[in-house]
Amino acid sequence: MRIPATTPTTPPRPFDVTEVFPQLVPLARTATRLHPRPGSPTPQDSSVGGPLLWPADEPWPHCEEPHEVDGFNTPLSPADVRRRRHLLAAERVRSLTEEEQQDLMSMDARDEVPEGPIAMLPVAQLYARDIPDLHPPQGADLLQVLWCPFDHPIMPRTALFWRDAASVTDILTTPPEPPAMQFHDYLPKPCLLHPEQVTDYPDHLELSKELRDWLTDWNAWQVTDAVNAALSPVRASFDRAYPSEPPEARERRFSSYLPLYYDNELAGAPGWKVGGWPRWGATDPCPRTCPECGHAMDALLTIATFEGNADSGWRPYEPSGHQSTQPHAYGPRQPTEVQIGSGYDQQLYVCPASPHHRHLELMH
């Protein structure tokens, strides 16, 4: 894998949360943030949306389920989506020619509905040598993730393939592509990865009731100068926002915010990552058990819309002087141009008992 001289880096946490709540120590998990950034990956690279090390003699996966357009979004082919993105990015820096404008208009008027099985799209390719938290089954060192670019029913259906990279000697160079996609956002922009291992803690909703209660107790937080330094400005903002409220009311309001602060700044890292703890938002936590054997499932991959909120402390430091050579419709907060739902994450879980058991997909 090509490793740049400098890479996106997660800022340090405001303070060590285990000094405040030592009960979190046994719940810590490592996660590998992938930090995808637009590039030109090869089949030998770990990537998002890049070409796969796919054997030439192995059938390309197709989705056999019915596919329907929703009547609101224009179904475009991947080639159309790439052309559309190019034109929209160019429009940000110059006026489009009349021919380019007509090209865009003709795309928006299409309404083809795909018939029969459609080819799946590459989402991610992860080599174990690059991803510390990728734990492949015995005999494998490569994970390939593909999906159908149609909702089934509220997000794309994924397919996972574990393989031994050294066994692939003849690579499929021109894989098939689907004739249409339900949403433009289901075509990941080709990105190289800049893996970084971090420590995750569970969302407050996955903690014991006792620990959740402590999270809402401001007195329990005030154990170090670092905590006070980090949270004093936050508390002051509550005083400014609710000046007419009695101090006791502002205290309750601030205390009820503390679990959210924990989730956003101290618990699970946002963005594309392997392993770690999930971040919940679209739904509340639910059991993740293997549908075939009932075993508790492991978090495998987070397919994220965003690298983090614009004001999030998890937002990575970008390499000094890094600038893209091409205009993009999305900034570094959304480098893959993927969007799940209204801006959520798609979390994939696998059964540790067997790689052959069906994996689980959840929207967070």
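Predicted model: local features only at pLDDT ≥ 70, side-chain atom pairs only at ≥ 80, totals over all residues.

Residues are numbered from 1 along each chain as its sequence is written, and side-chain values use heavy atoms, with hydrogens and water left out.

**Exercise 1.** Find the place of Gln 346 and list the residues that Gln 346 touches, not counting residues up to four places away in sequence.

*Solution.* Start with the element: Gln 346 sits in strand 13, residues 345–350 (strands are DSSP runs of E, at least two residues; helices are runs of H or I, at least four; both are numbered from the N terminus). Next, check accessibility: Gln 346 counts as buried because its relative accessibility is 0% (buried means under 20% relative accessible area, exposed over 50%, partly exposed in between, with a 1.4 Å probe and protein chains only). Then follow the side chain, which reaches the backbone oxygen of Pro 156 at 3.0 Å. Finally, collect the contacts (heavy atoms within 4.5 Å): Trp 147, Met 155, Pro 156, Thr 158, Leu 301, Thr 302, Ile 303, Ile 340, Glu 361 and Leu 362.

**Exercise 2.** Which residues of the largest nonpolar core touch the most other members?

*Solution.* A nonpolar core is a set of buried Ala, Val, Leu, Ile, Met, Phe, Trp, Tyr and Cys residues joined through side-chain atoms within 4.5 Å. Among the 33 residues of the largest one, pick out Leu 34, Leu 126, Val 145, Trp 147, Trp 272, Leu 301 and Ile 303. Another core lies apart from it, with 21 residues, including Trp 221 and Phe 254.

**Exercise 3.** Inspect the backbone at Pro 153, His 35 and Glu 337.

*Solution.* Pro 153 is in the loop between strand 7 and strand 8 (156–163), and a cis peptide bond with omega of about -5 degrees joins His 152 to Pro 153. His 35, a residue other than glycine, has a positive phi near 45 degrees. Glu 337 has a positive phi too, near 60 degrees, and lies in the loop between strand 12 and strand 13.

Definitions and conventions
Polar contact = N/O pair within 3.5 Å; in protein donor to acceptor, adjacent residues only side chain to side chain.
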